[in-house]
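I opened this entry to look up how two chains meet, and I kept to the interface throughout.

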Number of protein chains: 2
Amino acid sequence: MSNSLDTIFISLKQAQARLAGENRAAKDKALASAAAAINRSRADILSANACDVEEARKGGMKESLIDRLLLNDKRIDNIIEGINIVIRQDDPIGKVQSGWTIPNGLQIEKVTVPIGVAAIIYESRPNVTVDCAALAYKAGCSILLRGSSSALESNKAIVKAIKAGLKEGGGIQDAVALAESGNRDEVDIILKARGFIDVVLPRGSHELINRVVENARIPVIETGEGNCHIYVEPSADIDNAVEIILNAKLQRPGVCNAMETLLVHKDIANTLMPKLAEKIAGKAELRCDAAAKTAIGSAPASLVLKDAVEEDWATEFLDYILAVKIVSSCDEAIAHINKYGTKHSEAILTNDLHSTEKFRAQVDAACVYVNASTRFTDGGEFGFGAELGISTQKFHVRGPMGLEALTTIKYLVTGNGQIRD
Amino acid sequence: MSNSLDTIFISLKQAQARLAGENRAAKDKALASAAAAINRSRADILSANACDVEEARKGGMKESLIDRLLLNDKRIDNIIEGINIVIRQDDPIGKVQSGWTIPNGLQIEKVTVPIGVAAIIYESRPNVTVDCAALAYKAGCSILLRGSSSALESNKAIVKAIKAGLKEGGGIQDAVALAESGNRDEVDIILKARGFIDVVLPRGSHELINRVVENARIPVIETGEGNCHIYVEPSADIDNAVEIILNAKLQRPGVCNAMETLLVHKDIANTLMPKLAEKIAGKAELRCDAAAKTAIGSAPASLVLKDAVEEDWATEFLDYILAVKIVSSCDEAIAHINKYGTKHSEAILTNDLHSTEKFRAQVDAACVYVNASTRFTDGGEFGFGAELGISTQKFHVRGPMGLEALTTIKYLVTGNGQIRD
């Protein structure tokens, strides 16, 4: 274990024990002070960010990734508003989930408590640093932040401001730490820190998530990979279906809840596909199976149309690309989704009750939609306030993750001398 | 991947997809039929068990372990009653945990669903085979049972009866499978079965649990290790405290919720320790720190009294041995527990409200007791019916685990054409 991380682990654990004893008012006050400190440190943060951006450009980073890295005054406003959202959220700690008395008179209460020390391993976006620090603090958890090396200077400046703010607000600054060596082995040390880190969240690419799952000896929450589908039935309203498809594909294709594959029932293919082709032409490429291609008929000149290959069904394009397959039944659509999906968000567009019930029951995903775009899978849209990410696993927490993801429970058992017979 | 396990994994996954669609009546009927089949197969099960016991004796297994392995008619009655308890329990699936409508009219429901395919890796006791199969079936989950090789013949006979019973009762027999090669590498294959096994539960020794945690690439629920403490304050009722201590140590020392270390406040040591020494003499050995030894004064002749060493504080004796330490404050007791405890069950005996609040808030354990024996941490005692084990982790499920541990949730989102702005 590296010396510096070793020290950070112990410090995070000790800070968490103290933070667990803080009430909501104290936590909110410290967070408000952190928000004020970020506001006050704009110049430092923007200047650090400019260094990161310059280095990234020198290294040849794509502009779409530069955009994720870039901060400006408006984005800092949003970051500060993110903290304010967390401040307004209920305290997730100390909720009595249930309580009962057993025959011998022992009273049992099931109460929410912080899960402990969380670690987050994430890629470029510096706003994640603030969102996660604020959510963890509100949930009474310490957090170890391990951002990408490309955002290191930005994250250093942000974390410096957060810690200064927490301290000024009477809070516990050691509850937030940045892993800042930038070495890759830092991640491996974090992933093996049994007894120090209670949960690790990877947020980023497929490769990052896989590396974490393969190497972690501590609990992991897998996030974000979304190979999402929309399945359209003959009974659906066709014009509305086209509108939903365009929204799910085009509104923000680079995010995990965007649609990647469209499944169309054969009985409606000849009606739906030409309309879709006309509207999506020039906006996204279609990768169609043979039946879908035939159903389009004479394609608009501006339509980029390719033959779908097996790999397309399993690909999260995160791009202006849509795979399309014609299916013969709801069962076939469900089987396709359960084979290729990532258990994120899946939608059926229909007016058929039996299909709806079957789809909802049999599709294995965090969020199953009827007659709506998959784009609503989001902590903010669901009303959870800020979010830690979207869990694609079934263990501990599933779907959009708010504060609850960082809690666990404790049974408080109160007696007056009971012994077991 | 071994061929036979490969086949079993696929079969379990397919069976689970069907089982997820079964209603409570169908699941209960199949379980009742499994209970009847076990009842009818007593002779086969007892004869298979006799082979296991004979082999174990030849191999020099300790009699205490032979006793865990041994089946008789009464134990089979208990196993059958275990199934009946599961039948009487509510269906954990399809519960709407919460539901709301977001501003654009999308209706969101959070509904419980089966977690999928579970695996359990466990040691001797054949009743675990039946309890876990019944709990998993009721929760709509397939289960892969991997018992110890010493119980293989017993487990084969039991699983054969369960599968026959499920089939006769119109149930899904492929939802239950036994890993029966007996090879150690079988465990490693199970632990790496990403995409097939959704959760693995190790039940058994410290070594088994560690091996699973180190090697698993699938979610693990750690169970059972219990280095439990009782801390006695000056304001406690001394006679009742002695009774609780004797109960927590002696009533069944080989189980995880038995007390291993007693912490006594210095102001009460001279009163408590002589009384305890007198009552525990001849029943359990004491391993005392210097202050505790002094406090005993003239020990009864039959008392086995040793000096505690550092290792004793970290040991789950599971035996007629009690470590004793004198502490100066509630804070010192809490620090000792959080350092050496396994987050299982911890008790304070007191009449002091401030100490009670501090102990409940700061001790990091699944179950925190006030004025009662730690022996109540048990699914049956808590009223959960049969139990899968006791989780000592904070992730997904904590403390005694009933059916809920095998569930996750799904968000059902219903709209009428909503797209995201």
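I began with the term itself, taking contact to mean heavy atoms within 4.5 Å. By that rule I noted 68 residues from chain B and 68 residues from chain A at the interface.

The model is a predicted one, in which local features need pLDDT of at least 70 and side-chain atom pairs count only at pLDDT 80 or more, while totals for chains, interfaces and linings use all residues. Residues are numbered from 1 along each chain as its sequence is written, chains are lettered from A and ligands numbered from 1 in the order in which they are written, and side-chain values use heavy atoms, with hydrogens and water left out.

Next I looked up the buried area (the accessible area, with a 1.4 Å probe, that two parts lose on being put together, summed over both). Chain B and chain A bury about 5,600 Å² between them, and 51% of this lies on carbon and sulfur atoms. On the chain B side, F395(B), Y411(B) and R420(B) supply 16% of the area buried against chain A, more than any other three residues.

I then turned to salt bridges (a side-chain nitrogen of Lys or Arg within 4 Å of a carboxyl oxygen of Asp or Glu). The rule finds 12 of them across the interface of chain B and chain A, and I noted one between the side chains of R420(A) and E381(B), at 3.3 Å from N to O.

Last, I checked strands (DSSP runs of E, at least two residues, numbered from the N terminus), which pair if DSSP finds at least two bridges between them. Strand β13 of chain A, residues 367-372, pairs with β16(B) in the parallel sense over 5 bridges, and V370(A) has T414(B) as its bridge partner in β16(B).

Key. Helix = DSSP H or I, 4+ residues; strand = E, 2+ residues; numbered from the N terminus.
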